[in-house]
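This report describes the packing and local geometry of one structure. The sequence and the coordinates are shown first.

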Amino acid sequence: MKLRVDLLPDSHYPDVALVIDVLRATTTAVALLERGAGGLLLTRTAEDALGVRAVRPEVLLAGERGGLTIPGFDLGNSPVEVGEAAVAGRQVVMTTTNGTGAAWRAAQSARHVVLAALINAHAVARHALAVASEEIAIVCAGTDGRVGLDDVYAAGVIAEYLLALGDFQVDDGARIALTMRRGGGDPGEALRGSGHGATLEKLGLGADVDFAAQLSTSRLIPTLVPGDDVPVGAL
Ligand code: MLT
């Protein structure tokens with residue numbers, strides 16, 4: 001079995017893709033589902049999300065641009081805020097700057113796309129191994145086309161779990177992520193030390209960084225189901 005880590009999203013995934021935007025899109029997606037959201041619809045643009053609400057007024061809209069809640073949306077992209085929101089049973093349409101687009105792109109080719117974060121790291125690693133037939137690709141969303149230390153560290157955590165579970169032929173991306181994981185300190189240090197972690201601190205969103213740094217507190221495996229326009233995240 002091959003294990004590959006893409007430090008930035010690539011265009012083609014033949015088998016399983018675990019998409020990571022640990023700060024914060026994939027962490028927030030897991031938090032929404034943990035709070036009982038009825039399902040997620042990921043869109044690339046805010047206009048697409050607003051378009052869904054125009055025909056389905058019952059949905060909640062969640063998302064950010066520049067880290068802040070999009071005007072007219074019900075929620076931002078904060079896993080901590082989600083903990084206080086009434087999302088149980090509600091369908092949530094979610095759009096973020098990098099994370100939801102990375103998931104959408106992976107869904108164009110991969111057989112199986114899962115949203116991965118530190119909070120569901122063990123669960124997604126076990127699941128990936130169970131469903132993969134040739135390759136597990138861990139895809140780091142990055143920030144605006146640039147590598148994010150936070151995502152690479154989280155990829156290293158998942159890669160480390162996978163290596164404990166099976167035999168893999170690893171690529172250099174995986175070696176870099178594993179090196180980052182082993183030398184990067186604990187998850188809180190690593191995430192706070194990343195460029196995006198510092199940006200979120202400056203925006204007063206440091207609690208989200210601490211939330212995202214928790215390891216394997218969830219067993220949820222958000223799996224994307226390709227749709228006509230946008231993939232639907234299902235449990
Ligand atoms: C993104 O998709 O770029 C992020 O999740 C940004 C954020 O921290 O809200």
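**Helix H4**

The model discussed here is predicted. In helix H4, the buried residues are Gly99, Thr100, Gly101, Ala102, Ala103, Trp104, Arg105, Ala106 and Ala107. Because nine of the nine residues of this helix (residues 99–107) are buried, H4 is largely enclosed by the rest of the structure.

**The ligand shell**

Gly99, a buried residue of H4, is also one of the residues that surround the ligand. Classified by type, the shell comprises three nonpolar, six polar and three charged residues.

**The largest nonpolar core**

The largest nonpolar core contains 79 residues, of which Leu18, Val19, Ile20 and Ile158 touch the most other members. The greatest contribution to this core comes from helix H6 (residues 149–165), which supplies nine residues.

For Leu18, the contacts beyond its neighbours within four places in sequence are Val114, Ala116, Val124, Ala128, Ile136, Ile138, Val139 and Ile158.

**Helix H7**

Helix H7 (residues 172–183) has twelve residues, which at 1.5 Å a residue should span 16 Å; the end C-alpha atoms are 16 Å apart, in agreement with that value. The buried residues of H7 are Gly173, Ala174, Ala177, Leu178, Met180 and Arg181. Viewed down the helix axis, the buried residues of H7 fall within an arc of 160 degrees, and they therefore line one face of the helix. An α-helix has 3.6 residues a turn, so residues three or four places apart point the same way.

The cover over the buried residues of H7 includes strand E1 (2–6), helix H6 and strand E9 (169–170). On the face turned away from the buried side, H7 carries the exposed residues Asp172, Thr179, Arg182 and Gly183. Just after H7, Gly185 adopts a positive phi of about 80 degrees.

**Ala198 in helix H9**

Ala198 belongs to helix H9 (residues 195–202). Is this residue buried, exposed or partly exposed? Ala198 has 14 other C-beta atoms within 10 Å and is therefore partly exposed, since a residue counts as buried at 20 or more such atoms and as exposed at 12 or fewer. Eleven residues separate Ala198 from Val209 along the chain, and their C-alpha atoms lie 9.2 Å apart.

Conventions: Residues numbered from 1 in each chain as written. Predicted model: local features only at pLDDT ≥ 70, side-chain atom pairs only at ≥ 80, totals over all residues. Core = buried A, V, L, I, M, F, W, Y, C linked by C-beta atoms within 7 Å. Helix = DSSP H or I, 4+ residues; strand = E, 2+ residues; numbered from the N terminus. Contact = placed C-beta atoms within 7 Å. Near = placed C-beta within 6 Å. Nonpolar A, V, L, I, M, F, W, Y, C, P; charged D, E, K, R; others polar. Expected span 1.5 Å × (residues − 1). Arc of directions from axis to C-beta.
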